[in-house]
Amino acid sequence: MSLARGPAYAFRDGGLDRASERRADAAALAADRVAPATRFLMLRADGRVLLDAHATLALAAPADLPVAADEATFLGLHDGAARFACVLPDDVAAAEAGRRGGRFADLRGAAASLPAADAGLVAYARALAHWQSRKRWCGVCGAPTRLEEGGHRAQCTDAGCGATYFPRTDPAIIVIVACGDACLLGRQASWPARRYSTLAGFVEPGETLEQAVAREVAEESGVRIGNCRYVGSQPWPFPASLMLGFEATARRQVPQVGCELEDARWFAASEMPDLIARGELALPPAMSISFHLIDRWFHRRTGAHLSPGQPLGAR
Ligand SMILES: [Zn+2]
């Protein structure tokens, strides 16, 4: 079973046709910004998204938008109607939340309560907004940049420079390492008590994904892996990662944690349900690919499923 057909985890499905060809069509975008069927999702500068009074995603029609639509970022088409995202100034955001009886939720909180397609849409919008907020000036010459193509490109305004910037995504690997009946999980000191998760880390320049998997596991646990195999991916916009999920095998070695982890240990599949039931082991929340890598491995060994951990929740 591939993860693509497995249980859902967050941010995989924006429910959207990105209609990327439309980004360069200024006339089409201008018409979209005022079309009655168009909807705008609204973010705050800190990336939180506006939910309405029923905790569903608040979507404003053009006539209802509390700011000018010119700067809104084009996300795509949903059933033929355009979706945009806009960032509200703090005072406007507060007034809009009050008017709607809603609230701004962070992405983890939104992911825990929104339908998968809406959570995916928010993740996409938030990732773009974060990139835009950090690309206001040219990294080559220092001149201001101008957003183009519906917010998907930043262009240096200095004619002699003309540097162009595109949204970036930072690849990171995440891996379940298995040895016989056991899997290797680690925990960071900052995590909730007794939570253990799969090992993960950023891919470095000049490195293959397979090399990154082997290096990260060795750095974090001292364990040398054998083969690894790609399983599936998850956009992880905290703020701009793409988690590339792998499974790997290793011979049993005593984990030696480095500076990144507080602990790493082997958990036998046969003991995990009891440990979880007794509160001695907490897994990552269901929204994460990490939980699904663990659960997928567990299911293959036992035919049963594990209980996910609690989400961190809305802050
Ligand atoms: Zn420049």
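These legends go with a set of close-up views of a predicted model.

**View 1. The whole protein chain, before we zoom in.**
Let's start with the overall picture. The protein chain has seven helices and 15 strands. Along its principal axes, the C-alpha trace spans about 60 × 50 × 35 Å. How does the radius of gyration fit with a compact globule? For 315 residues, a compact globule would come out near 20 Å, and the protein chain has 22 Å, which agrees. Of the 315 residues, 40% count as buried. Now take the contacts in the protein chain with a separation of 6 or more: 66% of these are accounted for by residues 24 or more positions apart.

**View 2. Domain 1 meets domain 3.**
The domain assignment gives domain 1 (3-133), domain 2 (134-167) and domain 3 (170-302). This view is about domain 1 and domain 3, whose centres, taken over C-alpha atoms, are separated by 32 Å. The contact takes 16 residues from domain 1 and 15 residues from domain 3. Which elements give two or more residues to the side of domain 1 that touches domain 3? They are helix H3 (107-113) and helix H4 (116-133). H4 provides the largest share of that side, five residues. Sorted by kind, the residues on this side of domain 1 divide into twelve nonpolar, two polar and two charged.

**View 3. The largest nonpolar core.**
Here we look at the largest nonpolar core, which has 82 residues. Those with the most contacts inside this core are Ala85, Val122, Ala125, Ile173, Val175, Val177 and Val213. Helix H4 gives the most to the core, with ten residues. Why does the core lie between domain 1 and domain 3? Both domains give residues to the core, so it lies between them.

**View 4. Isoleucine 173 and the residues it touches.**
Isoleucine 173 is among the residues with the most contacts inside the largest nonpolar core. Which residues does isoleucine 173 touch, not counting those up to four places away in sequence? The list is Ala200, Gly201, Val203, Leu209, Ala212, Val213, Glu216, Leu244 and Phe246.

**View 5. Strand S10 and its partners.**
Follow strand S10 (residues 170-179) here. Nine bridges join S10 to strand S14 (residues 241-250), and these two run parallel. Alanine 178 stands opposite threonine 249 in S14. With strand S12 (residues 199-202), S10 pairs in the antiparallel sense over four bridges, and there alanine 172 stands opposite phenylalanine 202. S10 is also joined by three bridges to strand S11 (residues 182-187), again running antiparallel. What is the bridge partner of alanine 178 in S11? That partner is cysteine 183. S10 and S11 form a hairpin with two residues between them, and glycine 180 in the turn has a positive phi of about 55°.

**View 6. The three-stranded sheet S7-S8-S9.**
This open sheet has three strands in the order S7-S8-S9, with antiparallel pairing. S7 and strand S9 (164-165) stand at the edges, each with a single partner strand, so one side of each is left without a neighbour in the sheet. Four bridges join S7 (residues 145-148) to S8 (residues 153-156), and arginine 146 has glutamine 155 as its bridge partner in S8. S7 and S8 make a hairpin with four residues between them, where glutamate 149 in the turn has a positive phi of about 50°. On to S9: two bridges join S8 to S9, and glutamine 155 has threonine 164 as its bridge partner there.

**View 7. Proline 255 in its loop.**
Our last stop is a loop residue. Proline 255 lies in the loop between S14 and strand S15 (263-268). Is proline 255 buried or partly exposed? Proline 255 is partly exposed, because 19 other C-beta atoms lie within 10 Å, and being buried takes 20 or more. Leaving aside neighbours within four places in sequence, proline 255 is in contact with Leu184, Ser221, Gly222, Val223, Ala264 and Arg265. Proline 255 and valine 217 are 38 residues apart in sequence, yet 9.8 Å apart in space, C-alpha to C-alpha.

Terms used: Residues are numbered from 1 along each chain as its sequence is written. This is a predicted model: local features need pLDDT of at least 70, side-chain atom pairs count only at pLDDT 80 or more; totals for chains, interfaces and linings use all residues. Two strands pair if DSSP finds at least two bridges between them. Domain bounds come from an automatic or database domain assignment. Two residues are in contact if their C-beta atoms, placed from the backbone, lie within 7 Å. Ala, Val, Leu, Ile, Met, Phe, Trp, Tyr, Cys and Pro count as nonpolar, Asp, Glu, Lys and Arg as charged, and the others, Gly among them, as polar. The radius of gyration is taken over C-alpha atoms; the globule rule is 2.2 Å times the number of residues to the power 0.38. A residue is buried if 20 or more other C-beta atoms lie within 10 Å of its own, exposed if 12 or fewer, and partly exposed in between; C-beta atoms are placed from the backbone. A nonpolar core is a set of buried Ala, Val, Leu, Ile, Met, Phe, Trp, Tyr and Cys residues joined through C-beta atoms within 7 Å.
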